[in-house]
Amino acid sequence: MDRQRNVDLSSFNTLGLDSRARDLVVYDNVTQLSALQALVEQNERVFVLGGGSNVVLAEHVDALVIKVESKGIRLLQERDDVYVVEAQAGECWHDFVQHCLNQGWPGLENLALIPGTVGAAPVQNIGAYGLELEQRVHSVLAWSFKEGKKVELSAAECGFAYRDSRFKHDPAGSWLILAVRFALPRQWTPVLAYPDLNKQAHLAGEPDPQRIFDAVCKIRRQKLPDPHVLGNAGSFFKNPVVQIEQRDALKQQWPNLVSYDVGQGQCKLAAGWLIDQCGWKGKRDGAVGVHDRQALVLVNHGGGTAHDIEHLAQTIRGSVRERFGVELEQEPVMVN
């Protein structure tokens, strides 16, 4: 296994932040696991890096970085109710979604064009346009560095929650996700409850999965910058979950407040709307700033650092807290 030292990570994160890793190894197949286990046991700090789309990398990452690049997609089972499909962790998420549609395995089309890899998807429990990953996960195959063996975790064992999972809370370096298995419904029904999709007239009636995929891609391209053109990590903040009573009190003062009921007396507030009302959309702070079409997205105009992003995020959180009494939580993981 080739171990590289003092590696430039600027091309390995979608924010385009200048960052260097103390050590880096590339994982691309299971024959490397025993050697990788030995390396990890010699290092106090380990960080697993997929597509780099949900991280804020410090200028120096003092850790052994494991870059995941394993490939492969296969149909494991064709049951009466679902197709069980397995994808290796290094597969590009968007390409995997398109591949499933091409093979006649629908169910992930609402999650089209989300940047990153298949292996990173369960860490964040990615979600968009009315669908969350946990609704389609059969199980996750992972290597436990603590036990030195491969394990299969059911969806329940992954501890999924809103943009969350056990992989974000277990000690750093506990897991290397090897592959994800999906249960994709054979009796497919469209998921169109999300307002942005509801507004698409061409989806009325009986839309097929490819049309929903195309609509989601179109909406995302209109709202979100291409990280190859303008560095960003997608939505930087979670939509805060509050009690209905707090939402109703806020609507007394701000009647146009955007919210979505989630049950059990709670609702999500649109974080982008809150940030926009504080005047942040399109603002720039040196090398970093807020996107001019989507206030949820922090961008790197070039030369920005993790410190710059962190300072901007904290300032935005303070503005929202002061004006609305609501605490924002960021989505990307800070890697120091």
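A nonpolar core is a set of buried Ala, Val, Leu, Ile, Met, Phe, Trp, Tyr and Cys residues joined through side-chain atoms within 4.5 Å. In this predicted model, the largest such core has 56 residues, and a second, separate core has 34.

**Nonpolar cores**

- Within the largest nonpolar core, the residues with the most contacts are Ile66, Trp93, Phe96, Leu108, Leu176 and Phe182.
- Strand β12, which covers residues 175–185, gives the most to this core, contributing seven residues.

**Aromatic pairs**

- The structure holds nine aromatic pairs, and two of them are described here.
- Tyrosine 194 and tyrosine 260 have ring centres 6.1 Å apart and planes at 25°, so this pair is stacked; the cut-off for stacking is planes under 30 degrees apart.
- Distant parts of the chain are linked by this pair: tyrosine 194 sits in the loop between β12 and α5 (195–198), and tyrosine 260 in strand β15 (residues 259–263), 66 residues apart.
- Tyrosine 194 has a relative accessible area of 27% and is partly exposed; tyrosine 260, at 28%, is partly exposed too.
- Tryptophan 273 and phenylalanine 324 make a tilted pair, with 5.9 Å from centre to centre and 50° between the planes.
- Because tryptophan 273 lies in helix α8 (residues 271–277) and phenylalanine 324 in helix α9 (residues 306–324), the pair ties together parts that are 51 residues apart in sequence.
- Both tryptophan 273 and phenylalanine 324 are buried.

**The second largest pocket**

- This pocket has a volume of about 720 Å³.
- Its lining consists of 28 residues, of which Thr14, Pro115, Asp226, Pro227 and His228 are the closest to the pocket centre.
- Helix α6 (209–223) and strand β13 (231–235) are the elements that give two or more residues to the lining.
- Sorted by class, the lining has 15 polar, eight nonpolar and five charged residues.

**Leucine 197**

- Leucine 197 is found in helix α5.
- With a relative accessible area of 1%, leucine 197 is buried, since the cut-off for that label is under 20%.
- From leucine 197 to leucine 49, the distance is 32 Å, C-alpha to C-alpha, and the two are 148 residues apart in sequence.

**Lysine 268**

- Lysine 268 lies in strand β16, made up of residues 266–269.
- Its relative accessibility is 18%, so lysine 268 counts as buried.
- Not counting residues up to four places away in sequence, lysine 268 touches Glu132, Tyr162, Asn239, Pro240, Val241, Val258, Ser259, Tyr260 and Val262.
- One of those contacts, Tyr260, is also a member of the stacked tyrosine pair.
- Lysine 268 and glutamine 243 are 25 residues apart along the chain, and their C-alpha atoms are separated by 8.7 Å.

Note on methods. Residues are numbered from 1 along each chain as its sequence is written. This is a predicted model: local features need pLDDT of at least 70, side-chain atom pairs count only at pLDDT 80 or more; totals for chains, interfaces and linings use all residues. Side-chain values use heavy atoms; hydrogens and water are left out. On a 1 Å grid over the protein atoms alone, a cavity is a set of points where a 1.4 Å probe fits but cannot get out, and a pocket is an open set with protein on both sides within 12 Å along at least five of seven lines; lining residues have an atom within 4 Å of a point. Grid points are joined across faces, edges and corners, and a volume is the space filled by probe spheres set on the points. Helices (H or I, at least four residues) and strands (E, at least two) are DSSP runs, numbered from the N terminus. Ala, Val, Leu, Ile, Met, Phe, Trp, Tyr, Cys and Pro count as nonpolar, Asp, Glu, Lys and Arg as charged, and the others, Gly among them, as polar. Buried means under 20% relative accessible area, exposed over 50%, partly exposed in between (1.4 Å probe, protein chains only). Rings of Phe, Tyr and Trp (its six-membered ring) pair if their centres lie within 6.5 Å; planes under 30 degrees apart count as stacked, over 60 as edge-to-face and the rest as tilted. Contact means heavy atoms within 4.5 Å.
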